[in-house]
Amino acid sequence: MRMNEIVPVVEMTDIAIGFPGVKALDGVDFRLFQGEVHALMGENGAGKSTLIKALTGVYAIDSGTITVLGEPKRFSTPGESQAAGISTVYQEVNLCPNLTVEENVLLGREPRRRGSIDWKGVRTRTREVLAELQLDHIDPGSLLSTHSIAVQQLIAIARSVEINAKVLILDEPTSSLDADEVRQLFRVIRDLRNRRVAILFVSHFLEQVYEISDRMTVLRNGKLVGEYLTRDLSRMSLISKMIGKDMEALAELDQAPARTRASNGAGVTPFIEAKGLGRKGSVSNVDLSIYPGEVVGLAGLLGAGRTEIARLFFGADKADEGSIKIKGAGQRIRSPRTAIDKHIGFCSEDRKEEGLIGELTVRDNLVLVMQASKGWARRIPRRVQDELVAEYIEALDIRPANPDALIKNLSGGNQQKVLLARWLVTHPELLILDEPTRGIDIGAKTQIQKLVNKLAADGMSILFISSELEEVLRVSDRVAVIKDRALVAEINNDDVSVEDVMTVIAGGAQ
Amino acid sequence: MKSLLKHRLAWPVIALAALLLLNQVFKPDFMSLRMQDGHLYGSLIDIMRNGAPTILIALGMTLVIATRGIDLSVGAVVAIAGAASCAYIAASPEPGSPVTAATAVLIAVVAALALGVWNGFLVSTIGVQPIIATLVLMTAGRGVAQLITGGQIVSVSNDSYKSIGAGYLFTLPVSILITAAVFALAAVLTRRTALGTLIEAVGINPVASRLAGLRARNIIWIVYVFSAVCAAIAGLMISSNVTAADANNAGLYIEMDAILAVVIGGTSLAGGRYTLVGTVVGAFIIQTLTTTVYTLGIPPEVTLVFKALVVITVCLLQAPKARNLLSRLKAAPKPAAQEAAKEKVAI
């Protein structure tokens, strides 16, 4: 009995993984025990995702050993890892959106009767699992794609519960969830922990990590920093271990950048002015102006219509009602191409699907918008490309500083920086940032917030969308509150507290 | 050596070299070239000349495939190009003059431009899936070609026209020179401009490309037009070589050879990164296979199976899964044995 508790469910020793141009993991040890929530901590590019992918068989390890319940294992496919009882819920949910909830939960393990799928059994079993997680309100027969990312994630967890996984890996599970959903998720996690499931938890939200985890392993630049009991490690020492800097440097980093408010008094023409903008099935009747040098924050719950507004401004979706004026002149934004020609840029919240050209290099990705604007015939000379890329790699601290690395091999935060740089090189007048700091560590996050400040100070208009109200309030001059697919309030951001905005969102008061 | 093996072109090149060596073993004068009447002759020249139409079409196909598309209509375009030019020459008052030949070529190329625009229109503007969109022209195109020729095989006798597929210039067959020129044009067009990168961007992630302001429609149009023009040049070559247009059989199944050449060369059917050099190597492999069949004296009934085996081998060598399996088999020997092996290599 005692022996059982001492043997870790998963033990990884001296793991190394390299990609062309990148040493992702170097001599990393990791242990995971039954009935614990173990947080894997580190900045972007520290190797967290790579370690998880080594454990789940997505990447083959170059050297080192992995044992599961004392048995040495070699995972070369995700299937082998799953067979060993390791189940993963990724940051970007990897289920099939075109199948129903029940088909997703039981995919590949459908109960059978006389050789064919027992659909009644499928429904019953799905209901049971969902009920176990208190998710009864989800209709097992509905299409997965009709649910928000948050719900899809909970369905992914339901799937792992159904498998009876020994190890559950949650990679940034809370990045798309609102406070209620996080509470719901944590209840489920605690429940699973009590049932002796070993849970590996990755999150950039420090408070959540301290709330839920028992132990943590810290990585930095692909190397192991150490393994600690959560209660023994203060927040400040955790952060300094993650970024490898001492406390003073941190204190400076942590300071909220003070914003000098842009003037939008009478006589100034807004850069963009939307009146009654809307689209069937999306948002309706949006009135919103953004002045030069002003940061406007969009606050509201996930799915309230924030991204939809951004897409209308950028022409990613065509508006079918209302009008847009740019610098006082009426315009029709029919496509992203027209928006870009009017000096509007848009960083999508969905990096993988809507941002990255994964198989191309950092260089190609960084100059893509600029090149697309010039057209295919006028190639940006290699020398100019090199200069631009070097400039932005340095300015945004993109790591590795290798223009020829494939962008898919970079960590999430560094990918995000490249995507930001893609727009910055074109000097837009309005930059729409949809969740630019999601899934990014504090260091990079502060860098991006500071960058937003600087850009606005240089006269750029910025539409800033984030699920974190603190962040929206920190960077914005004005906050537009979205609720139920309509704009319900505009608040000038002087001494507004998170609670104030929450009250507006909750009450919908004008 | 190891990094060389990891290069994406490594296996296609090795396969081609192996095939050529095999031929050399069975036919000692295989590699030899000889000069006769100021023309270069030899098996290698034959392979290049006979492979020219496939290479041309495969070049166009590579760019189409890189955008996540496919062009099944190339065989039909070959037939239409041959039919149009030969019908024009046959009906013209001066069927033997160079001007007539030049006009015929122009007619074929203009027809191909129109056909490429049609394919591009269906795919990029209407949004029809490429396989369906080009299937339309694949089936309808042969009908058009038959209409042009009136269902007959149209023979022509025009020396200028004949030189496209059977002539010589600077000691080399004209068809090889034309193919080399088109390859150079494609390479310059895609790599000296940004076209290549943008084609790859559209192929890798169309959604992100649109949000980056890329005019995917224009790019898709360009690749289908280029593919059709390549097919038309191939069609001219084929009909010129036999001085006749056969609407039924010219370029029959050539789309399959072209797609195969692209895939063997290392460009994924899923779109994205492409390699023109790989495609040329792939086309050479296919053509050399045909030659090898004759050299080895393989009976005709075994020919297709032999071809299939080689193609499967090359494709497997390129598949990441098969490669992993291979490297694991190689890694299997005990460390001591590996050390010994390393030492051997060092010597």
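These legends go with a set of close-up views of a predicted model.

Before you start, note that local features need pLDDT of at least 70, side-chain atom pairs count only at pLDDT 80 or more, and totals for chains, interfaces and linings use all residues. Residues are numbered from 1 along each chain as its sequence is written, chains are lettered from A and ligands numbered from 1 in the order in which they are written, and side-chain values use heavy atoms, with hydrogens and water left out.

**View 1. How chain A is split into domains.**
Chain A comes with three entries in its domain assignment: domain 1 (2–254), domain 2 (269–343 + 429–510) and domain 3 (356–427). These bounds come from an automatic or database domain assignment. Between domain 1 of chain A and domain 2 of chain A, the C-alpha centres are 33 Å apart.

**View 2. The open sheet that runs from β6 to β12 of chain A.**
Follow the six strands across in the order β6-β9-β10-β3-β11-β12 (chain A), and you get an open sheet with mixed pairing. Strands here are DSSP runs (E, at least two residues), helices are DSSP runs too (H or I, at least four residues), and both are numbered from the N terminus. Two strands pair if DSSP finds at least two bridges between them. At the edges sit β6 (86–89) and β12 (223–229) of chain A, each pairing on one side only. On average, neighbouring strands of this sheet are turned by 20 degrees against each other, direction ignored. Helix α6 (residues 149–163) of chain A packs on the sheet, where it touches β6 and β9 (167–171) of chain A, and its direction makes about 175 degrees with that of β6(A). Contact means heavy atoms within 4.5 Å; axes are lines fitted to C-alpha atoms, for helices over the stretch in contact, and angles run from 0 to 180 degrees between N-to-C directions. Over by β12(A), strand β11 (residues 215–220) of chain A pairs with it in the antiparallel sense over six bridges, and A:Leu219 has A:Leu224 in β12(A) as its bridge partner.

**View 3. Strand β10 of chain A and the strands it pairs with.**
Is strand β10 (residues 198–202) of chain A enclosed or open? Five of its five residues are buried, so the rest of the structure largely encloses it. Buried means under 20% relative accessible area, exposed over 50%, and partly exposed in between (1.4 Å probe, protein chains only). A:Ala198, A:Leu200 and A:Val202 point one way from β10(A), while A:Ile199 and A:Phe201 point the other way. In a regular strand the side chains alternate between the two faces of the sheet. Strand β3 (residues 37–41) of chain A runs parallel to β10(A), joined by three bridges, and A:Ala39 stands opposite A:Phe201. β9(A) also pairs with β10(A) in the parallel sense, over five bridges, with A:Asp171 bridged to A:Val202.

**View 4. The open sheet that runs from β18 to β22 of chain A.**
Here six strands line up as β18-β19-β20-β15-β21-β22 (chain A), again open and with mixed pairing. β18 (344–347) and β22 (486–492) of chain A stand at the edges with a single partner strand each, so one side of each has no neighbour in the sheet. Strand β15 (residues 295–299) and strand β21 (residues 478–483) of chain A pair in the parallel sense over four bridges, and A:Gly297 stands opposite A:Val479 in β21(A). Helix α11 (residues 306–314) of chain A packs on the sheet, touching β15, β18, β19, β20 (461–465) and β21 of chain A, at about 145 degrees to β18(A). Helix α17 (residues 412–424) of chain A lies across β18 and β19 of chain A, running at about 175 degrees to β18(A).

**View 5. The aromatic cluster of A:Phe314, A:Phe346 and A:Trp423.**
Rings of Phe, Tyr and Trp (its six-membered ring) pair if their centres lie within 6.5 Å; planes under 30 degrees apart count as stacked, over 60 as edge-to-face and the rest as tilted. That rule gives five aromatic pairs over all chains. For A:Phe314 and A:Phe346, the ring centres are 5.2 Å apart and the planes at 40 degrees, so this pair is tilted. A:Phe314 lies in helix α11 of chain A and A:Phe346 in strand β18 of chain A, so the pair ties together parts 32 residues apart in sequence. Both A:Phe314 and A:Phe346 are buried.

**View 6. A:Glu435 in its loop.**
Look for A:Glu435 between β19 (430–434) and α18 (442–457) of chain A. A:Glu435 is buried, with a relative accessible area of 4%. Neighbours within four places in sequence aside, A:Glu435 is in contact with A:Arg306, A:Glu349, A:Ile465, A:Ser466 and A:Ser467.
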